[in-house]
Amino acid sequence: MARLEPPLRGPNADAAERALGDPVSALVFIKNAALLLKDCAFDARVPRQDKWLLAAVALYLLSPVDIVPDVIPVLGQLDDLGLVIWALRRLLKSAGPAVVRDLWRGDDEGLALVLGAAGMDVRKDKV
């Protein structure tokens, strides 16, 4: 069955398709993204307050207390997802594109996807 519209629009659509096009590529991307977050957590160039914020969000996700209980369908999971996305974007933005490029272990398509998702400029000349 053919897709009527691409799932993403804009300059990162091709990078997303290449980085997440098949299950193996998606797993490699997830591994590289997890390693990037681990490296950001231990890198001295990343502000300490954003590292603590990410740790607090992780503890919140593990705790049984939620702002919106998980028993409420969809909304219970959306508040958790929104909090995670906000904390990750804040961590990557505070690290900056130069640090993210230094710490990224994957290919250029995956890096473009991470930078674009974090709201940073993908071009190397913009730092």
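**Reading the model feature by feature**

A: Read along the sequence, the chain follows the pattern α-α-α-α-α-α. The model is a predicted one. The chain contains six helices and zero strands.

Q: What share of the residues of the chain counts as buried, and what is the accessible surface of the chain?

A: Of the 127 residues, 32% count as buried. The accessible surface of the chain comes to about 8,500 Å², and 66% of that surface belongs to carbon and sulfur atoms. As for contacts with a separation of 6 or more, residues 24 or more positions apart account for 57% of them.

Q: How is a pair of aromatic rings described?

A: Such a pair is described by the distance of the ring centres and the angle of the planes. In this case, a search of the whole structure finds one aromatic pair. The ring centres of phenylalanine 29 and tryptophan 104 are 6.0 Å apart and the planes are at 50°, so the pair is tilted.

Q: Where in the chain do phenylalanine 29 and tryptophan 104 lie?

A: Phenylalanine 29 belongs to helix H2 (residues 23–42), whereas tryptophan 104 is in the loop between helix H5 (97–103) and helix H6 (108–117). The pair therefore ties together parts that are 75 residues apart in sequence.

Q: Are these two residues, phenylalanine 29 and tryptophan 104, buried or exposed?

A: The cut-off for buried is under 20% relative accessible area. Phenylalanine 29, at 15% relative accessibility, counts as buried. Tryptophan 104 counts as buried as well, at 9%.

Q: Why can charged side chains form pairs, and how many salt bridges are there here?

A: Side chains of opposite charge can pair when their charged atoms come close. In this model the count comes to five salt bridges. One of them joins aspartate 50 and arginine 90, with the closest N and O atoms 2.6 Å apart. This pair links distant parts of the chain, since aspartate 50 is in helix H3 and arginine 90 in helix H4, 40 residues apart. Aspartate 50 is buried, with a relative accessible area of 3%, while arginine 90 counts as partly exposed at 33%.

Q: Which residue forms a salt bridge with arginine 45?

A: The partner is aspartate 43, and the closest N and O atoms are 2.9 Å apart. Arginine 45 is partly exposed, with a relative accessible area of 43%. Aspartate 43, at 11% relative accessibility, counts as buried.

Q: Which residues are linked in a network of salt bridges?

A: The network links Lys38, Asp39 and Arg105. Within it, lysine 38 forms a salt bridge with aspartate 39, the closest N and O atoms being 3.0 Å apart. Lysine 38 counts as partly exposed at 39% relative accessibility, and aspartate 39 is buried at 12%.

Q: Finally, which residues form a nonpolar patch on the surface?

A: The patch consists of Val71, Ile72, Val74, Leu75, Leu78, Leu81 and Ile85, which together have about 670 Å² of accessible area. Among them, valine 74 is found in the loop between helix H3 (48–62) and helix H4 (75–95). The cut-off for exposed is over 50% relative accessible area. Valine 74 has 56%, so this residue is exposed.

Definitions and conventions. Residues numbered from 1 in each chain as written. Predicted model: local features only at pLDDT ≥ 70, side-chain atom pairs only at ≥ 80, totals over all residues. Heavy atoms only, no water. Phe/Tyr/Trp six-rings, centres within 6.5 Å; stacked < 30°, edge-to-face > 60°. Helix = DSSP H or I, 4+ residues; strand = E, 2+ residues; numbered from the N terminus. Buried < 20%, exposed > 50% of the residue type's maximum accessible area, 1.4 Å probe, protein only. Patch = residues over 30% accessible without salt bridge, like charges linked within 9 Å, V, L, I, M, F, W, Y side chains within 5 Å. Areas by Shrake-Rupley, 256 points an atom, 1.4 Å probe, with all protein chains shown as cover. Salt bridge = Lys/Arg side-chain N within 4 Å of Asp/Glu carboxyl O. Contact = heavy atoms within 4.5 Å.
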